[in-house]
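Please open the model in your viewer and keep the sequence panel beside it.

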Amino acid sequence: MTQIVWHATFASPTGYSSSSRAIVVGLAATGLAVRPLYLFDADDAERVYGAVPPAIHALQQLPIRLDVPQVVYGRGELFCKNSGSYRIGFTMLETDRLFAHQRVAASSASPTRNTSSSVL
């Protein structure tokens, strides 16, 4: 029986999708009954972005429950998609570059300071 519902993307070529697949498969490997749910539409609609991995597709056969914790794993404005009894939202910033002042701020905030600009 489903213990958590995970609203996210799973087939698109984004950091959200790749990390979401890893998290859901990892949770399932621990024995948690996690139900992946496509964030933007019905589960089948996501296939326009690519193949949904077989492990995710198999977990999508579990029932969707509203009485269990639900995680929305995506952009902040999508948190309204959450309908669970206990609602969790997780977002992140995806970027392909940082400006010089951002690299300085990021490296000075890091617990292990790295002065190599190739890291950022």
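**First stop: strand S2**

Select strand S2 (34-38), a strand being a DSSP run of E with at least two residues and a helix a run of H or I with at least four, both numbered from the N terminus. Val 34, Pro 36 and Tyr 38 point one way from S2, while Arg 35 and Leu 37 point the other way, and all are buried (under 20% relative accessible area, with exposed over 50% and partly exposed in between, for a 1.4 Å probe and protein chains only). Since five of the five residues of S2 are buried, the strand is largely enclosed by the rest of the structure.

This is a predicted model, in which local features need pLDDT of at least 70 and side-chain atom pairs count only at pLDDT 80 or more, whereas totals for chains, interfaces and linings use all residues. Residues are numbered from 1 along each chain as its sequence is written, and side-chain values use heavy atoms, with hydrogens and water left out.

**The sheet around it**

Now display the four strands, which form an open sheet in the order S2-S1-S3-S4 with parallel pairing (two strands pair if DSSP finds at least two bridges between them). S2 and strand S4 (86-90) stand at the edges, each with a single partner strand, so one side of each is left without a neighbour in the sheet. The twist averages 20 degrees from one strand to the next; axes are lines fitted to C-alpha atoms, for helices over the stretch in contact, and angles run from 0 to 180 degrees between N-to-C directions.

S1 and S2 pair in the parallel sense over five bridges, and Ala 8 stands opposite Tyr 38 in S2.

**Asp 43**

Next select Asp 43, in the loop between S2 and H2. At 13% relative accessibility, Asp 43 counts as buried. Its side chain is joined to that of Arg 35 by a polar contact of 2.8 Å, that is, a pair of N or O atoms within 3.5 Å; within protein, one must be able to donate a hydrogen and the other to accept it, and residues adjacent in sequence count only if both atoms are side-chain atoms.

**The nonpolar core**

Finally, which residues touch the most other members of the largest nonpolar core? Of its 13 residues, they are Trp 6, Phe 10, Val 24, Val 34 and Tyr 73; such a core is a set of buried Ala, Val, Leu, Ile, Met, Phe, Trp, Tyr and Cys residues joined through side-chain atoms within 4.5 Å. S1 gives the most to this core, with three residues.
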